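Thanks for coming. I will go through one structure today, a few residues and elements at a time. Please have the display in view while I talk.

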Amino acid sequence: MKNAPKNRTLDRIDLTILNTLQKNGRISNLELAKHVNLSPSPCLDRVKKLENEGYIEKYGAFLNATKLHYGMSAFIQVTLDRTTSDVFNRFKEEVVKIKEVAECHMVAGGFDYLLKLRFENMAAYREVLGLIVELPAVSQTHTYVVMEHVKNDQGVPISVS
């Protein structure tokens, strides 16, 4: 199990390792070591340390959503009818079960949650919306269908000096 992140200052090599792995998680340790000007063994030690300290949470691949029939996306603002710990907990327990909900964020402001959905078409969206409005304590939703992806999440911005 990963430890809580340490409060240490990351050096240029650590930041370069993180930046490189974020852009290409499949890079070999040998190539990564060359990129950060270390020999392979100390480079691997640093990567393991960054993993153990929680700086690296996981590795993955970016998939083509359209080819996998999830090419459309939308954001839904969700307002709950009451804002108690019990209601928040019940909502969270249920919303994570909906596979089309790619992200769910509790927000401050005029509504309670912002959901990012992925779906194939408007018929699929209607089905998902039906599930969302039936979640515990949902009183109102507002949907914003994405017409064009201008910039997708590129990861954490890392400045390497």
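Asn 19 is buried: its relative accessible area is 17%, and the cut-off for buried is under 20%. This is a predicted model, so please hear every value as computed from that model. Asn 19 sits in helix α1. Which residues does Asn 19 touch, once its neighbours within four places in sequence are left aside? They are Ile 158 and Val 160.

Helix α1 comes up again with helix α3. Helix α1 covers residues 12-23, helix α2 covers residues 29-35, and both are among the elements that cover the buried residues of α3. Helix α3 itself is made of residues 40-52, 13 residues in total. From its first C-alpha to its last, α3 reaches 18 Å, close to the 18 Å expected at 1.5 Å a residue.

Which residues of α3 are buried? Cys 43, Val 47, Leu 50 and Glu 51 are. Around the axis they cover an arc of only 100°, and therefore they lie on the same side of α3. For Cys 43 the relative accessible area is 0%.

In the loop between α2 and α3 we find Asn 37. The phi of Asn 37 is near 60°, which is a positive value in a residue other than glycine. Asn 37 counts as exposed, at 65% relative accessibility. After α3 comes Gly 54, and its phi is positive too, near 90°.

Next, the loop between α3 and β1, where Tyr 59 is found. Is Tyr 59 buried, partly exposed or exposed? Tyr 59 counts as partly exposed, because its relative accessibility is 41% and that class lies between 20% and 50%. With neighbours within four places in sequence left aside, Tyr 59 is in contact with Leu 21, Gly 25, Val 47 and Glu 51. Val 47 and Glu 51 were both in the buried set of α3. Tyr 59 and Asn 24 are 35 residues apart in sequence, while their C-alpha atoms are 9.4 Å apart in space.

Now the sheet. In what order do its four strands lie? The order is β2-β3-β1-β4, in an open sheet with antiparallel pairing. At the edges are β2, residues 101-106, and β4, residues 138-145, each of which pairs on one side only. On average, and ignoring direction, neighbouring strands here are turned by 20° against each other.

Take strand β1, residues 72-80. It pairs with β3, residues 113-119, in the antiparallel sense over seven bridges. Along that pairing, Ser 73 stands opposite Arg 118 in β3, and Phe 75 stands opposite Lys 116 in β3. Seven bridges also join β1 to β4, and these two strands run antiparallel. There, Val 78 stands opposite Thr 141 in β4. Why can β1 be called largely enclosed by the rest of the structure? Because seven of the nine residues of β1 are buried.

A helix lies over part of this sheet. Helix α5, residues 122-133, lies across β1, β3 and β4, and runs at about 155° to β4. In the loop between α5 and β4 is Ala 137. Its phi is near 70°, again a positive value in a residue other than glycine. Ala 137 counts as buried, at 13% relative accessibility, whereas Asn 37 counts as exposed.

Last item: the cysteines. A disulfide is a covalent bond between the sulfur atoms of two cysteines. How many disulfides does a search of the whole structure find? The search finds zero. As I said, Cys 43 is buried. Cys 104 is partly exposed, with a relative accessible area of 31%.

That is everything on my list.

Conventions:
Residues numbered from 1 in each chain as written. Predicted model: local features only at pLDDT ≥ 70, side-chain atom pairs only at ≥ 80, totals over all residues. Heavy atoms only, no water. Disulfide = S-S within 2.5 Å. Buried < 20%, exposed > 50% of the residue type's maximum accessible area, 1.4 Å probe, protein only. Pairing = 2+ DSSP bridges. Axes fitted to C-alpha atoms, helices over the stretch in contact; angles between N-to-C directions. Contact = heavy atoms within 4.5 Å. Expected span 1.5 Å × (residues − 1). Arc of directions from axis to C-beta.
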